[in-house]
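Open the model in your viewer and keep the selection panel at hand. The tour goes stop by stop.

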Amino acid sequence: MAVVREITFAQALNEALDYEMGKDEKVVVMGEDVGLYGGIYGVTAGLYEKYGPERVRDTPIAESGFVGTAVGAAATGLLRPVVELMFIDFLGVTYDQIYNQAAKMRYMFGGKARIPMVLRTTCGAGFSAAAQHSQSLHALFIHVPGLKVVMPSTPYDAKGLLISAIEDDDPVIFIEHKGLYAVKGPVPEEPYSIPLGEADVKREGKDVTIVATAAMVHKSLEVAEKLAEEGVSVEVVDPRSLVPLDTDTILNSIKKTGRLVVVDEGYPRAGFATDIAALAASRAFEHLKAPVKIITPPATPVPFSPALENEWIPSAERIENAVREVL
Amino acid sequence: MPVEEIPRETLLWMYETMVRIRVHEERVAELFAQGKVPGFVHLYVGEEAVAVGVMANLRREDFITSTHRGHGHYIAKGGDVKASMAELFGKKTGSGKGKGGSMHIADLDVGELGANGMVGGGIPHAVGAGLGIKLNGLDNVAVAFFGDGASNQQNFHEGINLAAIWKLPVVFVCENNQYQISLSYDKQQTIKSVAERAKAYGIPGVSVDGQDVLAVYEVAKEAIERARRGEGPTLIEAKTYRFRGHFEGDPQVYRSKEEVEWWKKNKDPIKLFEEKLLAKGIATREELDAIWEKARKEIEEAVKFAEESPWPSKEELLEDVFSTPTKGVLVWQW
């Protein structure tokens, strides 16, 4: 078997953007510092040099204006914009354009509109960036009908899912955890796509299912590795796409193991973790051998001090304890 | 603009379109009062000269974005009136299959990117259309319609700034009807004219009498031609007045009956235009009457179509959320 080279999560995203921009002139990249600067996370590096300032477009700090511009450009069918919103925390200033405009136009216009746009944004704590630059607000998007929501955890998934997202004719919110950009993994050089709505079993197991998102997938895998030494077999399911949701893979895993721990960095109430718990309760209750455990941060803003922030982020220890409790 | 400089065909199109909008809106007011049109309805009576004066300069391929008060823009841009009437009724045959209603009427086939329930929400969409036009090397334009209230909103400032720095073919048309629901213009901002704001973005700004369709036509023509030439955006403020309340059923405690009557008597855009057409011998009374007759017939046919159309089926509730077939589950019942 050929050895696949390893690249970072950020490089994998860059390859997806480069491929799509090379393939389709309608694909344009817009956002703050995405041009010469290459994006503050380096995801758009080199694209400005290759495709020029018309297609790699630096914007003023005017999120509502440029996200709305992307919505309008997509609605005309003239462009397929990929917008970078530096932090998901900033979505409040543009939320109308996302949840009232992009998400609703097709339905309200009787199916006559297509909004082929991707809003790339970042989530995640762990950098002492405090409460306005550290949130994982994916639940706000999952909540609103008309948006597709993607949240990859590996470089391989990042590339394949971003290609699918850009080629999709609906508005896709593509959420990248800041802690994953430097993570390396095997990624084929050639382009490939991963269908939206297909979960991935990141590790097979038979005793407990962990459903985890983004950075929490890696923590869960660590825990699974550790517990395997004790003979506990943990299955880790990464939904990858939160809307649409691959309920079949999740439910099949719960039915197989009979135990469920959900790990998510979103806030605890009305969040993705509670969503999966409700799914299990309503569709797999008879298979459950123990109550579902939910591991999320507490319902507080993200604290600044590393001492507090470490406490805030779900730890491997909490995940491990939860697994032990349901066993 | 002197009528002599405008082709007769264009002048008659403008008159006819203003009349069609007027007849449409007054008929919708009756239908709303009869309980046949659900929801909120914001009528364009009194403001017809703005949509028509601008749209007389647009092509089918040009784009517009509209407001709460969008019926006039829709009709003037060439939207299908039967489809919009059915939409107002919430019928299956509506332009949005009964899912959008008055505040969201759209006709993408004629470049009408939609009325908008959010004040200012559509302004950046016109900027996006302008960006698409520019990057595709086309010579079309996009026009954003919005009200005086929206001119205080972030989408106005951010959208107009983006269009200015990127020199996009976008024309911003503020319909200053002097009330943001109940708040009068002088209580919303300290400047005399919204057009003054153009200075802040380094683009031309012009204020025009929105009740004079020829005046609107002239400034719009200049702005649109400028945009087509690649010289960037213009901000137009058309000073106008809504003859009816903000929405149907508005008790209008914020303005006097005398004020409304004064505008109806002295500043009705259709009457003013009619006087000019007759005085200059462009059209006879009989020809103008025939236009009214034709418009009434057209609107009655649209009403009949809407009334006779079926309601959407229950299955349609779940349709048109997304356009692409997707794996996984979009909607599940707990």
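Select Lys255(A): does Lys255(A) count as buried, partly exposed or exposed? This is a predicted model, and in it Lys255(A) has 37% relative accessibility. The limits are under 20% for buried and over 50% for exposed, so a value in between is partly exposed. Lys255(A) therefore counts as partly exposed.

**Stop 1: around Lys255(A)**

Show helix α9 of chain A, residues 247-257, which holds Lys255(A). Lys255(A) is in contact with both, leaving aside its neighbours within four places in sequence. Draw a distance between the C-alpha atoms of Lys255(A) and Arg283(A): it reads 9.8 Å. Those two residues are 28 residues apart along the chain.

**Stop 2: a cis bond**

Step back to Pro244(A), in the loop between β12 (241-243) and α9 of chain A. Check the peptide bond from Val243(A) to Pro244(A). It is cis, with omega at about -10°. Most peptide bonds are trans.

**Stop 3: positive phi, once per chain**

Most residues other than glycine have a negative phi.

Start with Ala214(A), whose phi is near 45°. Ala214(A) sits in the loop that runs between β10 (208-212) and α8 (215-228) of chain A. Its relative accessibility is 2%, so Ala214(A) counts as buried.

Then pick Lys167(B), where phi is about 50°. Look for Lys167(B) in the loop between α6 (154-165) and β3 (170-176) of chain B. At 48% relative accessibility, Lys167(B) counts as partly exposed.

**Stop 4: helix α4 of chain B**

Stay in chain B and select residues 81-89, helix α4. How many of the nine residues of this helix are buried? Eight are, so the helix is largely enclosed by the rest of the structure. Colour the buried ones: Val81(B), Ala83(B), Ser84(B), Met85(B), Ala86(B), Glu87(B), Leu88(B) and Phe89(B). What do they pack against? Show α1 (8-33), α3 (71-76) and α10 (285-308) of chain B as the partners.

**Stop 5: the whole of chain B**

Zoom out to chain B, with 10 helices and seven strands. Its C-alpha atoms fill a box of roughly 65 × 50 × 40 Å along the principal axes. The radius of gyration is 20 Å, which agrees with the value near 20 Å for a compact globule of 334 residues. Of these residues, 59% count as buried. Colour by charge to find 42 positive and 50 negative side chains, whose centres lie 2 Å apart.

Next, select residues 17-312 of chain B. The unreviewed UniProt entry records "domain: Dehydrogenase E1 component" there.

**Stop 6**

Finish on chain A, which has 12 helices and 14 strands. Its radius of gyration is 19 Å, close to the 20 Å from the globule rule for 327 residues, so chain A is as compact as a globular protein of that length. The C-alpha trace spans about 55 × 45 × 45 Å along the principal axes. In chain A, 62% of the residues count as buried. Among contacts between residues at least 6 apart in sequence, 82% join residues at least 24 apart. The surface comes to about 11600 Å², and carbon and sulfur atoms hold 55% of it. Charge colouring shows 31 positive and 44 negative side chains, with centres 5 Å apart.

How values were computed: Residues are numbered from 1 along each chain as its sequence is written. Chains are lettered from A and ligands numbered from 1 in the order in which they are written. This is a predicted model: local features need pLDDT of at least 70, side-chain atom pairs count only at pLDDT 80 or more; totals for chains, interfaces and linings use all residues. Side-chain values use heavy atoms; hydrogens and water are left out. Helices (H or I, at least four residues) and strands (E, at least two) are DSSP runs, numbered from the N terminus. The radius of gyration is taken over C-alpha atoms; the globule rule is 2.2 Å times the number of residues to the power 0.38. Buried means under 20% relative accessible area, exposed over 50%, partly exposed in between (1.4 Å probe, protein chains only). Lys and Arg count as positive and Asp and Glu as negative; His and the chain ends are not counted. The place of a charge is taken as NZ of Lys, CZ of Arg, CG of Asp or CD of Glu. UniProt positions are given in the numbering used here, feature names are shortened, and annotations may be inferred rather than shown by experiment. Contact means heavy atoms within 4.5 Å. Accessible areas come from the Shrake-Rupley method with a 1.4 Å probe; for residues, only the protein chains shown count as cover.
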